[in-house]
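My entries follow in the order of the look-ups.

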Amino acid sequence: MLWRSSWPRLLPAAVIIGTLAAVAVQADTATRVDRRIAAAGTASVVVSNVAGEVDVRGWDRPEVRVSGTLAPGVERLDVVRDGAAIAVRVVLPRHGGRERAVARLQLEVPKGHRVEITAVSADVRVHGVEGPQRLRSVSGDIAAQGGGREIEISTVSGEVEFDGLGRVARLDVSTVSGDVELRGLAGELEAASISGDVEASATALQSVKVKTTSGDVTMDGGYGRGASIQVNTVSGDASVLARGAAGLAIEARSFSGALSTCFGARAASGSGGAPGRRLELTRGDGSIKLRISTVSGEVAICDR
């Protein structure tokens, strides 16, 4: 009876031990890579990976280093020159084994080079790169810092986190259902989402265009004189805080959602008895143009 009653207690421990052993075996069978290639005469680094991760760091050396691990399902890793670019490609077998084709790559690249990354379910991280960036993933998350004049980021369901460090001239972000969190923005911002929320903090933005279907939009920060801010949603809420603005020229419209401000201005009904609410007014010198439109979302505006 003692042996029989102890069996249910021993089973979880046996399962845990077996799982840890399987993980250890899988780790032992992974192939480690460590490649270096001179970057002289090249201007960009192009990376493609299906599953796993891609972690890129900028450095001052005139070479590219690629290290990491390849799971048994990966056929090979190519690190080659391709015209003016260095191409890093995770090559998968044509038939079978793709479910185990995970590659975890760490790259050090010349910080002034352009970086282009294409992934499917791999997470992407880029830090310390001062050249332009083009980062794409389907379901993987993307986390990056700015520095280059032009940054393009796109995902389907992955989340996006970006810090422009107050230096990026143009940022273009698009997602379907992934949430977007942006900080330290300057220059121009264009963002589009279907159901993902967009949250942005600015330092000195001059041009903003944000569109969502059901995702909420939250803008907070500073804008230069003459800046233009446009926010359009269908059912998503929109909140814009323009801190320390010398003046705002506001045009806000909603078909069925509420319009509110922190300075007491009230929205008027549509002209001629038409449905909807609108808010049109000028604060201060009106040097910053703010236009917000939504169908059923709520709108909130503040300048302090």
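Where does R266 lie? I found R266 in the loop between β20 (259-261) and β21 (268-269). Strands here are DSSP runs of E with at least two residues, and helices are runs of H or I with at least four, numbered from the N terminus.

Before going on I noted the terms of the model. This is a predicted model, in which local features need pLDDT of at least 70 and side-chain atom pairs count only at pLDDT 80 or more, while totals for chains, interfaces and linings use all residues. Residues are numbered from 1 along each chain as its sequence is written, and side-chain values use heavy atoms, with hydrogens and water left out.

**Entry: R266.** I looked up the cover of R266 and got a relative accessible area of 78%, so R266 is exposed. The classes are buried for under 20% relative accessible area, exposed for over 50%, and partly exposed in between, with a 1.4 Å probe and protein chains only. I also took the distance between the C-alpha atoms of R266 and E280, which is 9.5 Å. These two residues are 14 residues apart along the chain.

**Entry: salt bridges.** How many salt bridges does a search of the whole structure find? I got 22. The criterion is a side-chain nitrogen of Lys or Arg within 4 Å of a carboxyl oxygen of Asp or Glu. Side chains of opposite charge can pair when their charged atoms come close.

I picked the pair D34 and R65, whose closest N and O atoms are 2.8 Å apart. D34 lies in strand β1 (residues 31-38) and R65 in strand β4 (residues 63-70), so this pair ties together parts that are 31 residues apart in sequence. D34 is partly exposed at 46% relative accessibility, and R65 is partly exposed at 25%.

I then took R225 and D285, a salt bridge with its closest N and O atoms 2.4 Å apart. R225 is in strand β17 (residues 217-232) and D285 is in the loop between β22 (277-284) and β23 (288-294), so the pair ties together parts 60 residues apart in sequence. R225 is exposed, with a relative accessible area of 60%, whereas D285 is partly exposed at 43%.

My next pair was E251 and R291, where the N to O distance is 3.9 Å. E251 sits in strand β19 (residues 247-254) and R291 in strand β23, and the pair links parts of the chain 40 residues apart. E251 counts as partly exposed at 36% relative accessibility, and R291 is partly exposed at 37%. I also noted one network of salt bridges with shared partners, which joins E53, D55, R57, R104 and R125.

Entry: D303 lies in the segment after β24 (299-302). Is D303 buried or exposed? Its relative accessible area is 12%, so D303 is buried. I found a polar contact of 3.1 Å between the side chains of D303 and R283. A polar contact is a pair of N or O atoms within 3.5 Å; within protein, one must be able to donate a hydrogen and the other to accept it, and residues adjacent in sequence count only if both atoms are side-chain atoms.

N49 is in strand β2 (residues 44-49) and is buried at 3% relative accessibility. The side chain of N49 reaches the backbone oxygen of A51 at 3.4 Å.

**Entry: patches.** I listed a negative surface patch formed by D141, E159, D179, D197, E199, D216, D237 and E298. Patches are made of residues with over 30% relative accessible area and no salt bridge, with like charges joined within 9 Å and nonpolar side chains (Val, Leu, Ile, Met, Phe, Trp, Tyr) within 5 Å. D141 is in the loop between β10 (133-136) and β11 (142-145) and is partly exposed at 35% relative accessibility.

Which residues make the nonpolar surface patch of about 400 Å²? I read off V50, V120, V138, V156, V176 and I194. V156 is in the loop between β12 (150-154) and β13 (160-163), partly exposed at 39% relative accessibility.

**Entry: L165.** Most residues other than glycine have a negative phi. L165 is not a glycine, yet I found a positive phi of about 55 degrees for L165. L165 lies in the loop between β13 and β14 (170-175) and counts as partly exposed at 35% relative accessibility.

Conventions. Areas by Shrake-Rupley, 256 points an atom, 1.4 Å probe, with all protein chains shown as cover. Lys, Arg positive; Asp, Glu negative; His and termini not counted. Charge placed at Lys NZ, Arg CZ, Asp CG, Glu CD.
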